[in-house]
Amino acid sequence: MFYTSTALILLLTAILIIAPQEAGRLLGIAQAWLSRSFGWYYMVVIAAYLVFVVGLALSSYGKLKLGSKHDTPDFSYGAWAGMLFSSGIGISLLYFGASEPLDHFFNPPEGVAGSQMAARQAVQLTFLHWGLHGWAIYALVGLAVAYFAYRHNQPLALRSALYPLVGERWVKGAAGHAVDGFGMFVTLLGLVTNLGIGSLQVASGLENLFGIEHSNTNLLIVIIVMSTVATIAAVSGVENGIRRLSNLNIVLFSGLLIFVLLFGPTLHLLNGFVQNVGDYLNGVILKTFDLYVYVDDSAKSDRWLGLWTLFYWAWWISWAPFVGMFIARISRGRTVRELVAGVLLIPLGFTLAWLSIFGNSALDLVMNQGAVELGKTALTQPSMSIYQLLEFYPASKVVIGVSIFVGFVLFLTPADSGAVMMANLSCKGGSVDEDAPHWLRIFWSVVITLVTVGLLFAGNFEAMQTMVVLAGLPFSVVLVVFMFGLHKAMRQDVQAEQERAELAALGRVFS
């Protein structure tokens, strides 16, 4: 597992760095083909994940515990909720919070660009991309891994979800190696994308705050500093570094959100949030399956769908292996219903509030206050848009400095938890409560850093983002297999418990 996955990752990176233009061209063709041919499939399968996990939580299976009857949760509810919040919420919220609604406003998939309806639709689409569907993918992987690890004593690995379908021999053999190996490959794509976006976001903030010109040297320094701190946090483990970072995340992130709400058009933002939630809930089924078939410019809509909705679905899938395994790692002793409800609802409310408040603030500045440069920046340099937005608020330099630090901390939690899970997948032996050795976590942190640096400096980082979409397609099939395996195991476990209860009752009658 270790040698094969490392060789595959380094080989792909070398190709993208050595021949960036040709590799980018071929990957672009492949992505366009995938969007045209499998857009319908992505929509259907993403909906299936959501329906499946919600159905499990609401059914009698929801009472099943992730562990034995006497297992208690490893973390308090507050600590667990904090880690759930931070595990899947990264620096991307800073990157897209203002820029995505503005991009949809100027380039809508249908309707008139720059209109009031385009603004309303912009936030609705942003909610769709960050809403229930993505968190359901995390819940599915976390549930599958935790269920077999804590109830069936299987390794805390992706392969364990295959156990009821192929048996222990295949799980420990070729099938298990293939699933874990591909899971590591997809995970690295997500982590590299996260580090790339994170470094650009922090570097843009420093450029705005101190008037520094953009340069590869400054970007390299930012990447090295961020990666070093993330590695230290990964070595310190889940109980120490990641939990403390999660708590810090909540405080800083919430403070920045409240500041923008109170010092902006507060009443307008509150009204907008309520209406945005209503638009999202009212149109969630329609937008889940909306492929923009009946529009005048189908080519434009197809391109938009590939750049946004399909990219987001693939991006969520690429983060699912390490976020799902991290959720499993912290969820022993919880019930199926607790895990699903926690993953779907705890981070969701804050995510939607953030997107609504920052998105509506940006739209209000552009539409009603003549912030033309903010609109241009959102389209040309998305990482800078949130800092330009904060320039319209009091004590802007201080707030921008705080937001840079918030972005830095937001980057760390997914980065260090991802390095820990990459190390765990490539490490043989150990118990479900034992993480991989420190040197292996450091190794994967270094690999992620080197791959990111190589791709950014080769000017081929967009190719890696394209790879996320392409890799998401086959791994989405693996997640479908997870659903069948999980349902089969739960059904068998419930039947076994019922039989034991009947035998116990019969024994009491005879006694």
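I count a contact when heavy atoms lie within 4.5 Å. Helices (H or I, at least four residues) are DSSP runs, numbered from the N terminus.

I noted that this is a predicted model, in which local features need pLDDT of at least 70, side-chain atom pairs count only at pLDDT 80 or more, and totals for chains, interfaces and linings use all residues. Residues are numbered from 1 along each chain as its sequence is written, and side-chain values use heavy atoms, with hydrogens and water left out.

**Helices α1 and α9**

I looked up where α1 meets α9: Ser 5, Leu 8, Ile 9 and Leu 12 in α1 touch Met 184, Phe 185 and Leu 188 in α9. The axes (lines fitted to C-alpha atoms over the stretch in contact, with angles from 0 to 180 degrees between N-to-C directions) of α1 (residues 2-18) and α9 (residues 174-210) come within 10 Å and cross at roughly 40°. The two helices are therefore oblique to each other; angles under 35 degrees count as roughly parallel, over 145 as roughly antiparallel, 65 to 115 as roughly perpendicular and the rest as oblique. I recorded this crossing as right-handed, that is, with the near helix turned clockwise from the far one by less than a right angle; anticlockwise is left-handed.

**Helices α9 and α14**

I found that the axes of α9 and α14 (residues 309-329) come within 8 Å and cross at roughly 110°. That makes α9 roughly perpendicular to α14. This crossing is left-handed. The residues of α9 that meet α14 include Gly 183, Gly 190 and Asn 194, and their counterparts in α14 include Trp 315, Trp 319 and Pro 321.
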